[in-house]
Amino acid sequence: MGSKYANLIPICSETFVSKIAIIGSGIAGLAAARNFKLQGHHVTLFEKQATPGMAAHGFEIHVDGQQIRGDLPSRMFNRELWPNVARLYDDLNIGYEKVAAKQHFFDRASGRAFPFELPVDWRMKLGVATGLGTSPMLKQLQRLQQQAAKDLANGTVSGDFAQYLSHHGFSEEFSREFLFPALSATVCTCSDQAIGQYPAAILLDAMQKIASDDGLWRVSNGSTAVVSALVAYVDDDRCSTEVNSILEGTDAITVSSGGSEDRFDRVIVATQANHVAALCPTLPKDILAVMNSFEYEDVVVAVHTDQRFMPEHKRDWSVFNFETSSAGSMCTVWLNKFHTQWPVVTPVFQTIKPLADPSPETVVCSVNLQRPVVTTASKGLWDAIDRINQGDSRIKFCGAYAVPGIPLLESALLSAHRLIHTD
Ligand SMILES: Cc1cc2nc3c(=O)[nH]c(=O)nc-3n(C[C@H](O)[C@H](O)[C@H](O)COP(=O)(O)OP(=O)(O)OC[C@H]3O[C@@H](n4cnc5c(N)ncnc54)[C@H](O)[C@@H]3O)c2cc1C
């Protein structure tokens, strides 16, 4: 190991040094790079975008005479649902800070609006709640959290989330105006329909952990801080290099990109599952069938200054502002309150799943991202990925889609860690 890595402690004492290629530099690829580097291997990282994927959609905006930078998407975590993420950030000395999780919900059809805040102090909230709708929603949420804690402990949760809610008599209003938007426009970023199809146990467990006293956190200096710390473990960093094909031969694996060919001992494919078939066309049909079975939904995220996305009265503006209509739900994050260190007063927003287009002159940027769809059928696919990664092929797969749970930074990290343990 060169002096650059002198302070790193190898995870295991493997002596054979492999040439490893990692395709994709989301957090899964970056974490896999670190893990293999810590084992003493030589790591080459391919990324088709100009900068490492985890921070590739960050944005810059000139406002109030200041140039400010933010993440797209603005990601959060806590120690309960994201233990490996928190551990990694601590290991890398990455600073993080609490997010004020004040929320406002508005349903266009009924005209109902109410505030909410995490973590929930049930006794206080239920005691002092005023305003139409506040108490009934909170009471249902409290009942759901209590029921779920009992059912999860007894291992009696089965079926999908919509079935669980209906079986326990939760109102349609509670799901449509509060619960589904809260989950679909933040932590899961998917359609409201996909929330209903999630395995109930996964969402109920996540809700317990998100509502914990730990609250929610964000990395103080954004994803670029995480990326810089992880890229330091890469020997050969090849951004702006789209891999076209990965072919496994008897001695080595050939990675082709933009007219050049490189040979590696092992390749870690850390792209989305739906990119694998095009990249590795010669993989056995059963493996490609598994990869093609992971479904994705598009998620639009827009950064803008269009105040029409916020509650009508400024006194109601919160960090997270949810709106539901017959077309679905969206969440507008008031970035000035999310990034408490931003030295600007002009309001800047990030809307997840906008139900309408912000005025063009207010748009800073807008991207279409994808998120894996999780259903009760996903377990079979997660088991299949485990079997594939334990097989003889020297091409392995990781990414947020590949392990049980909501596809988050945590699952992406876990999938990278599993490669070390199956190695
Ligand atoms: C709107 C939104 C909000 C979210 N909020 C949160 C949050 O608050 N907390 C949280 O934990 N998670 C959040 N997530 C989820 C989290 O961002 C993802 O789970 C995670 O980033 C996935 O990481 P990954 O490494 O698996 O994949 P990706 O980040 O998708 O990385 C795959 C990489 O592979 C590259 N690639 C693909 N094909 C090629 C090729 N042929 N050659 C070279 N490179 C290639 C891509 O460019 C990309 O950089 C959010 C997601 C969205 C969409």
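In this predicted model, F320 stands opposite V333 of strand β16, and this pair belongs to an antiparallel arrangement in which 6 bridges join strand β15 (residues 320–325) to β16. Strand β16 covers residues 328–334, and because 6 of its 7 residues are buried, β16 is largely enclosed by the rest of the structure.

| Pairing | Bridges | Direction | Residues standing opposite |
|---|---|---|---|
| β15 with β16 | 6 bridges | antiparallel | F320 and V333 |

Turning to the ligand, 38 residues surround it, and the closest are G24, G26, A28, G53 and A400. The elements that contribute two or more residues to this shell are α1 (27–38), β14 (296–304), β18 (363–372) and α14 (409–422). By class, the shell holds 21 nonpolar, 11 polar and 6 charged residues. At least three residues of the shell come from each of domain 1 and domain 2.

Helix α1, one of the elements that contribute to the shell, is mostly covered, with 11 of its 12 residues buried. Those buried residues are I27, A28, G29, L30, A31, A32, A33, R34, N35, F36 and K37, and A28 is also among the residues closest to the ligand. The length of α1 can be checked against its residue count: at 1.5 Å a residue its 12 residues should span 16 Å, and because its end C-alpha atoms are 16 Å apart, the two values agree. After α1 comes G40, whose phi is positive, near 95 degrees.

The domain assignment divides the protein into domain 1 (3–57 + 221–294 + 375–422) and domain 2 (95–219 + 296–372), and the centres of domain 1 and domain 2, taken over C-alpha atoms, are separated by 32 Å. Their contact takes 16 residues from domain 1 and 15 residues from domain 2. The side of domain 1 that touches domain 2 is made up of 7 nonpolar and 9 polar residues, with no charged residues.

Some backbone details remain. A cis peptide bond, with omega of about -5 degrees, joins L72 and P73, and P73 lies in the loop between β4 (66–70) and α2 (83–91). Two residues other than glycine deserve a joint look. N93 has a positive phi near 60 degrees and lies in the loop between α2 and β5 (96–98), while K353 also has a positive phi near 60 degrees and is placed in the loop between β17 and β18.

Is each of these two residues buried or exposed? N93 has 8 other C-beta atoms within 10 Å, and because 12 or fewer is the limit for an exposed residue, N93 counts as exposed. K353, by contrast, has 23 C-beta neighbours inside 10 Å, and since 20 or more are required for a buried residue, K353 counts as buried.

Terms used: Residues are numbered from 1 along each chain as its sequence is written. This is a predicted model: local features need pLDDT of at least 70, side-chain atom pairs count only at pLDDT 80 or more; totals for chains, interfaces and linings use all residues. A residue is near a molecule or strand if its C-beta atom, placed from the backbone, lies within 6 Å of it. Helices (H or I, at least four residues) and strands (E, at least two) are DSSP runs, numbered from the N terminus. Ala, Val, Leu, Ile, Met, Phe, Trp, Tyr, Cys and Pro count as nonpolar, Asp, Glu, Lys and Arg as charged, and the others, Gly among them, as polar. Domain bounds come from an automatic or database domain assignment. Two strands pair if DSSP finds at least two bridges between them. The expected span of a helix is 1.5 Å times one less than its number of residues. Two residues are in contact if their C-beta atoms, placed from the backbone, lie within 7 Å.
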